[in-house]
Amino acid sequence: MCGAATSPRNPPPSLGPPSSTAESRCPAGCLCALLRQARAKPARRPRAASPRPALTLFPSFPQATESKREQFRRYLEKSGVLDTLTKVLVALYEEPEKPNNALDFLKHHIGAAAPENPEVEALPLEVAEMKEKYEAVLEENKKLKAKVNI
């Protein structure tokens, strides 16, 4: 190589074990030392952009899913589902003795958490009244048919 002597101020670069004594005498700034470095570690060239795009199976899937997920979350917030579920889960968490079947606990408390509407409570009574009227009309219909056929 260059054969330049090394001094204590300019030690040779450490590129592994030197293959000859001349290489160990090159200072760090010497051209032959730089060439040795270039040969020892091949420089990585950046990848050139390929002419065709990379294969993606679902290119818009994550974006579409994210927006749908966000829309669904907003829907649950507006309808009060998230609040109700949160309240029921907090009630389960604060329960001193955890139930054996947590799903039944959730079903029972979600049903109980529904707002009580007086119209909803009156519906079974109305259905019973309508059934009685229906039976009475059927009886009347039978009697009238019997009179006509005489």
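Predicted model: local features only at pLDDT ≥ 70, side-chain atom pairs only at ≥ 80, totals over all residues.
Visitor: Let's start with the fold. What makes up the protein chain, in helices and strands?

Guide: The protein chain has 6 helices and 0 strands. Read from the N terminus, the order is α-α-α-α-α-α.

Visitor: And how much of the protein chain is buried?

Guide: Buried residues account for 8% of its 150 residues. To be counted there, a residue has to be under 20% relative accessible area. The accessible surface of the protein chain is about 13800 Å², with 60% of that belonging to carbon and sulfur atoms.

Visitor: What share of the contacts joins residues at least 24 apart?

Guide: That share is 19%, taken among contacts between residues at least 6 apart in sequence.

Visitor: On to the charged side chains. How many salt bridges does the structure hold?

Guide: It holds 3 salt bridges.

Visitor: Why is the pair Arg73 and Glu70 called a salt bridge?

Guide: The label asks for a side-chain nitrogen of Lys or Arg within 4 Å of a carboxyl oxygen of Asp or Glu. Arg73 and Glu70 have their closest N and O atoms 2.3 Å apart, so the pair passes. Both residues lie in helix 3, which covers residues 61-79, and they are 3 residues apart, about one turn of the helix.

Visitor: What about Glu70 and Arg74: how do you know that they qualify as a salt bridge?

Guide: Their N to O distance is 3.8 Å. The cut-off is within 4 Å, so Glu70 and Arg74 qualify. They are 4 residues apart in helix 3, which puts about one helical turn between them.

Visitor: Which salt bridge does Arg73 form with Glu77, and at what distance?

Guide: The closest N and O atoms of Arg73 and Glu77 are 2.3 Å apart, so the pair meets the limit of within 4 Å. Arg73 and Glu77 also both lie in helix 3, 4 residues apart, again about one turn of the helix. Salt bridges with shared partners link Glu70, Arg73, Arg74 and Glu77 into one network.

Visitor: Are those four buried, exposed or partly exposed, and how do you know?

Guide: Partly exposed is the band between the 20% limit for buried and the 50% limit for exposed. Glu70 has a relative accessible area of 31%, and Arg73 has 34%. Arg74 comes in at 40%, and Glu77 at 42%. Each value falls inside the band, so each residue is called partly exposed.

Visitor: Now helix 4. Which residues make up the nonpolar patch on the surface?

Guide: The patch is formed by Val81, Leu85, Leu89 and Ile110, with about 300 Å² of accessible area together. Helix 4, residues 81-94, gives the largest share of the patch, 3 residues.

Visitor: How far apart are Leu85 and Ile110, in sequence and in space?

Guide: Leu85 and Ile110 are 25 residues apart in sequence, and their C-alpha atoms are 7.6 Å apart in space.

Visitor: Last stop, helix 6. How does its reach compare with the expected span?

Guide: Helix 6, residues 118-148, has 31 residues and reaches 45 Å from its first C-alpha to its last. That is close to the 45 Å expected at 1.5 Å a residue.

Visitor: Where does helix 6 bend?

Guide: Helix 6 bends at Pro124, by about 30°.

Visitor: And what makes you call helix 6 hardly covered?

Guide: The count of buried residues among its 31 residues is 0. Buried means under 20% relative accessible area, so none of the residues in helix 6 falls under that limit.

Terms used:
Residues numbered from 1 in each chain as written. Heavy atoms only, no water. Helix = DSSP H or I, 4+ residues; strand = E, 2+ residues; numbered from the N terminus. Buried < 20%, exposed > 50% of the residue type's maximum accessible area, 1.4 Å probe, protein only. Contact = heavy atoms within 4.5 Å. Areas by Shrake-Rupley, 256 points an atom, 1.4 Å probe, with all protein chains shown as cover. Patch = residues over 30% accessible without salt bridge, like charges linked within 9 Å, V, L, I, M, F, W, Y side chains within 5 Å. Expected span 1.5 Å × (residues − 1). Bend = angle between axes of the 7 residues up to and from the residue.
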